[in-house]
Amino acid sequence: MRNILCLICLLCLFTACDRIESPTQQILLHPHEAEEPLTHTVQFQVPKWLQDILWENEEQLIQDLVRLELRDREEIDSIIEAIRTRREQSEDYTVFVDVDGMALIGTRGIGTRIEEMANIMLTMTQKHPSIRKELHYDKGFYFVIYSPVFFTTEQLPEWREAKKGFGNNIYLIPPGFCYFGLNMCVAPSKVSDYAVNKAWWFKNSWEVGIHEFGHAMDYAIRKIDPSFETKLTAAYENAKEKGLWTYHLNAPPDSFRDNPKEYWALGIEAWFLGKNETRIGWVNGERSPAMNKVTLPEIDPLLYELLNEWLPYVDIEP
Ligand SMILES: [Zn+2]
């Protein structure tokens, strides 16, 4: 009998476990008062079928490795690195929400905060739900939120790959990033008060999440509307020329932060989190008192027009 049980248990290890539903928790998402609340499910495991879409298949990697000769040193190293990444992803990323087709994945320790980010993603895309289709997991895109109590950016497996992609443009390790080489974005969840004094970016709980998802929206909108890129670049050039915007934190001029994509993401922050003046920069040589959706039409009408075209007029803070 014991042998049979053991056999069943081994079989489960290799096959049936994938088919067992992970524990789930029903949640209600409220994208907007006018919209029907969407019911979504927090799953305490990234489903195997989704892992296979988003990440490399470990069995396949191992098969590839076995086929290689000792002299293929470089290839062996890169496959071993891919296996390491794959294992970390399946161990550290423990929560998943299907946000109307967008994959939102959370690390250990994220808890119910994942629901807040799910709401933010729905809210930000509610004016143009077609954005959700461009960021659908079928296209390989996923958004990771991590608990800063358990992780730092550097500990996330994707960072190693993204760092190579960013090259010398990285002069500090950001709390969040998007790397479309891997078709993903990452941001920290808000944290308890103790972290507030330690790091400026935690001051506003979800500002990094909103900023990074803003980058993801930019990526999607460019595909939906081919004129978007031209309009955004024109607004950016105009703002630079008139001295409306300067990037914050003494970023070196023409660094990776000084470009239309960052301008857009900061515009999104201004739209939703305008009261957070430290992130918004300078207007006409003076620190912006409140760059937000009320003051934007006067300060930067071109950017306002674009934001207003794609973003809903709601308060997003959970
Ligand atoms: Zn950015």
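# Chat about a predicted model

Me: What does Asp100 count as, going by the C-beta neighbours inside 10 Å?
Reply: Asp100 counts as partly exposed, because it has 19 C-beta neighbours inside 10 Å, and the cut-off for a buried residue is 20 or more. Please keep in mind that this is a predicted model.

Me: Where is Asp100 found?
Reply: Asp100 is in the loop that runs between strand E3 (93-99) and strand E4 (102-107). Its phi is near 45°, which is a positive value in a residue other than glycine. For background, most residues other than glycine have a negative phi.

Me: And what about Asn183, what is its phi near?
Reply: The phi of Asn183 is near 60°, again a positive value in a residue other than glycine. Asn183 sits in the loop between E6 and E7, and it is partly exposed, since 16 other C-beta atoms lie within 10 Å.

Me: Stepping back, how many helices and strands does the protein chain have?
Reply: The protein chain has twelve helices and nine strands. It has 318 residues, of which 33% count as buried. Among the contacts with a separation of 6 or more, 63% are between residues 24 or more positions apart.

Me: Let's look at a helix, then. Which residues are buried in H7?
Reply: In helix H7, which covers residues 157-166, the buried residues are Pro157, Glu158 and Ala162. Seen down the axis of H7, those buried residues fall within an arc of 110°, so they line one face of the helix.

Me: Since H4 came up, at what angle do H3 and H4 pack?
Reply: Helix H3 (residues 58-67) and H4 pack at an angle of about 160°, and their axes are 10 Å apart. That angle makes H3 roughly antiparallel to H4, because angles over 145 degrees count that way. The crossing of H3 and H4 is left-handed.

Me: Which residues make that contact of H3 and H4?
Reply: From H3 the contact takes Glu58, Leu61, Ile62, Asp64 and Leu65, while H4 supplies Ile76, Ile79, Ala82, Ile83 and Arg86. Sorted by class, the contact of H3 with H4 has seven nonpolar residues, three charged ones and no polar ones.

Me: Changing topic, how do H9 and H12 pack?
Reply: Helix H9 (residues 228-241) and helix H12 (residues 301-310) pack at an angle of about 150°, with axes 8 Å apart, and H9 and H12 are therefore roughly antiparallel to each other. Their crossing is left-handed. On the H9 side the contact is made by Lys231, Leu232, Ala234, Ala235, Asn238 and Ala239, and on the H12 side by Leu302, Leu303 and Leu306. The residues of this contact divide into seven nonpolar, one polar and one charged.

Me: What about H5 and H8, at what angle do their axes cross?
Reply: The axes of helix H5 (residues 113-124) and helix H8 (residues 207-224) cross at roughly 40° and come within 11 Å. H5 and H8 are therefore oblique to each other, and H5 passes H8 in a right-handed crossing. Met117, Ile120, Met121 and Met124 of H5 meet Gly209, Ile210, Phe213 and Met217 of H8. By class, that contact has seven nonpolar residues, one polar and no charged.

Me: Which residues does His215 touch?
Reply: Leaving aside residues up to four places away in sequence, His215 touches Cys178, Cys185, Lys261 and Ala265. His215 and Glu262 are 47 residues apart in sequence, yet their C-alpha atoms are 7.9 Å apart in space.

Me: Last one: how far apart are Glu237 and Pro260?
Reply: Glu237 and Pro260 are 23 residues apart in sequence and 8.3 Å apart in space, C-alpha to C-alpha. Glu237 lies in helix H9, and it is partly exposed, with 13 other C-beta atoms within 10 Å.

Conventions:
Residues are numbered from 1 along each chain as its sequence is written. This is a predicted model: local features need pLDDT of at least 70, side-chain atom pairs count only at pLDDT 80 or more; totals for chains, interfaces and linings use all residues. Axes are lines fitted to C-alpha atoms, for helices over the stretch in contact, and angles run from 0 to 180 degrees between N-to-C directions. Helices (H or I, at least four residues) and strands (E, at least two) are DSSP runs, numbered from the N terminus. Angles under 35 degrees count as roughly parallel, over 145 as roughly antiparallel, 65 to 115 as roughly perpendicular and the rest as oblique. A crossing is left-handed if the near helix is turned anticlockwise from the far one by less than a right angle, and right-handed if clockwise. Two residues are in contact if their C-beta atoms, placed from the backbone, lie within 7 Å. Ala, Val, Leu, Ile, Met, Phe, Trp, Tyr, Cys and Pro count as nonpolar, Asp, Glu, Lys and Arg as charged, and the others, Gly among them, as polar. A residue is buried if 20 or more other C-beta atoms lie within 10 Å of its own, exposed if 12 or fewer, and partly exposed in between; C-beta atoms are placed from the backbone. The arc is that of the directions from the helix axis to the C-beta atoms.
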